[in-house]
Amino acid sequence: MARDERGVTAQSEDFAAWYNEVVFKAGLVDRGPAKGTMVIRPYGYRLWEQLQSELDRRIKATGHENAYFPLLIPQSYLSREAEHVEGFSPELAVVTHAGGKDLEESLVVRPTSETIIGEMMAKWISSHRDLPLLLNQWSNVVRWELRPRMFLRTTEFLWQEGHTAHVDAADAHRETKLALDIYHEVARDLAAMPVVPGEKTPGERFAGAVATFTIEGMMRDGRALQAGTSHYMGTNFATAFDIRYTSDAGRDELCHTTSWGMSTRMIGGIVMTHGDDKGLVFPPRLAPYQAVIVPITRGGNTAVEAAADDLARRLRAAGVRTHVDARPQLSPGFKYNEWEMRGVPLRLELGPRDLEAGTAMLVRRLGDEGKQAVPIDTLPDALPGVLDEFQAFLLARATEFRDSHTRTVDGWDDFADAVSTGWALALHCGTPACEEDIKSGTAATPRCIPLDGEPATGACVRCGAASAYGKRVIFGRAY
């Protein structure tokens with residue numbers, strides 16, 4: 001396999017190997033001691049914190065409040081909603097022994113919190129005046145993974161999960177769409193991921209949901225990544241947990257509930273949407289460091305070091321997250337390669353000659369501009385605009401890649417060819433049996449029915465039956 005000088009497999013040779021190598025070499029993650037677990041290293045966690053703070057701000061701005069619910073859930077809670085427990089049974093981790101003795105009732109390590117939050121909602125809601133109840137939780141969850149992959153599928157991961165209760169279906173549907181819109185905005189405007197919002201087919205719905213909505217992104221190997229989901233639960237969980245309210249007319253009514261979540265899987269999505277053979281490429285709005293200054297001080301040059309520190313101070317004051325790499329034991333070339341690997345959007349090189357000229361060399365992580373000498377005094381004013389341009393460049397680049405790897409198809413051979421390298425837009429009958437047949441033949445699954453899809457009817461691309469959704473469905477191989 002082709003590798004660069006740092007030993008990273010080329011994407012074109014083996015994308016999975018490239019991904020596995022780059023998340024470790026860039027210092028995002030390490031393996032945990034238990035199978036399938038991960039340790040998020042400080043650099044990776046700073047990326048998560050950037051995403052978390054921006055997402056949390058948007059959630060709170062729409063009237064939701066953060067709360068926290070227990071990690072351990074009585075197993076009987078999951079059994080109340082039959083479809084829900086059936087959907088999660090293979091992934092559950094169960095505690096049967098604690099405090100030196102067998103437990104009277106086993107406890108499930110939460111795979112998601114619909115059940116425990118449903119129990120609390122039933123206690124807290126009595127009147128229509130208590131609705132809507134808008135809750136959000138930041139937490140970890142555990143789902144036992146047989147084939148773990150860092151950030152994408154691990155036994156334990158971090159996320160937020162929104163849970164809300166409403167007076168009727170219309171209000172709950174508005175909430176479901178609101179959450180999806182927040183995820184779409186975060187992915188597009190912060191992560192520079194041109195995701196497609198849509199509804200899942202019945203065979204792909206969340207266990208226990210009436211309807212599931214998703215944002216789907218295309219990675220640079222043509223595969224799809226489900227980057228966030230929002231679910232309308234109808235009255236399924238309200239029935240199971242007796243979540244009721246007295247209406248304005250005095251009637252006893254069941255609440256309509258929703259749930260929605262985005263997780264550390266987004267870190268994997270950012271890596272696979274923007275990275276290249278040199279390593280990571282971070283969108284500026286989420287990058288742990290937006291600019292790194294590399295002072296060039298052969299034999300030691302305190303003036304250069306002082307100038308680098310002063311420039312960093314002024315850039316931070318201008319809102320640019322800046323790091324000075326002043327490690328004396330490493331060569332400038334090594335540092336350049338390392339920060340390219342770690343995906344920093346902008347690099348500033350500052351040596352004695354640059355200092356004499358009053359300039360610094362500006363290098364973008366991607367693009368055709370090459371090195372540019374920029375007056376040091378102008379950088380605090382100039383870099384925010386340069387970062388915005390780089391953010392827009394990444395979104396445009398990813399959008400062009402997605403569009404060029406998406407094909408509208410009507411025949412099976414064209415379908416199979418399209419999903420081998422990207423996505424297929426195809427008519428589909430909607431039956432789970434046909435979906436399984438498609439998956440067994442191509443490894444592709446229906447990713448979503450795009451919300452903004454053009455009207456289309458005709459024969460299913462696989463079985464020839466009438467199409468079910470009035471528009472084409474996105475199919476692709478997925479993570």
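Q: Why are Asp-310 and Arg-313 separated by about one helical turn?
A: Because Asp-310 and Arg-313 lie three residues apart in helix α9 (residues 302–317). Helices are DSSP runs of H or I with at least four residues, strands are runs of E with at least two, and both are numbered from the N terminus. This is a predicted model, in which local features need pLDDT of at least 70 and side-chain atom pairs count only at pLDDT 80 or more, while totals for chains, interfaces and linings use all residues. Residues are numbered from 1 along each chain as its sequence is written, and side-chain values use heavy atoms, with hydrogens and water left out.

Q: What makes Asp-310 and Arg-313 a salt bridge?
A: The definition asks for a side-chain nitrogen of Lys or Arg within 4 Å of a carboxyl oxygen of Asp or Glu. The closest N and O atoms of Asp-310 and Arg-313 are 2.5 Å apart, so the pair is a salt bridge.

Q: Why is Asp-310 called partly exposed?
A: Buried means under 20% relative accessible area, exposed over 50%, and partly exposed in between (1.4 Å probe, protein chains only). Asp-310 has 31% relative accessibility, so Asp-310 counts as partly exposed.

Q: Why is Cys-448 called buried?
A: Because its relative accessible area is 0%.
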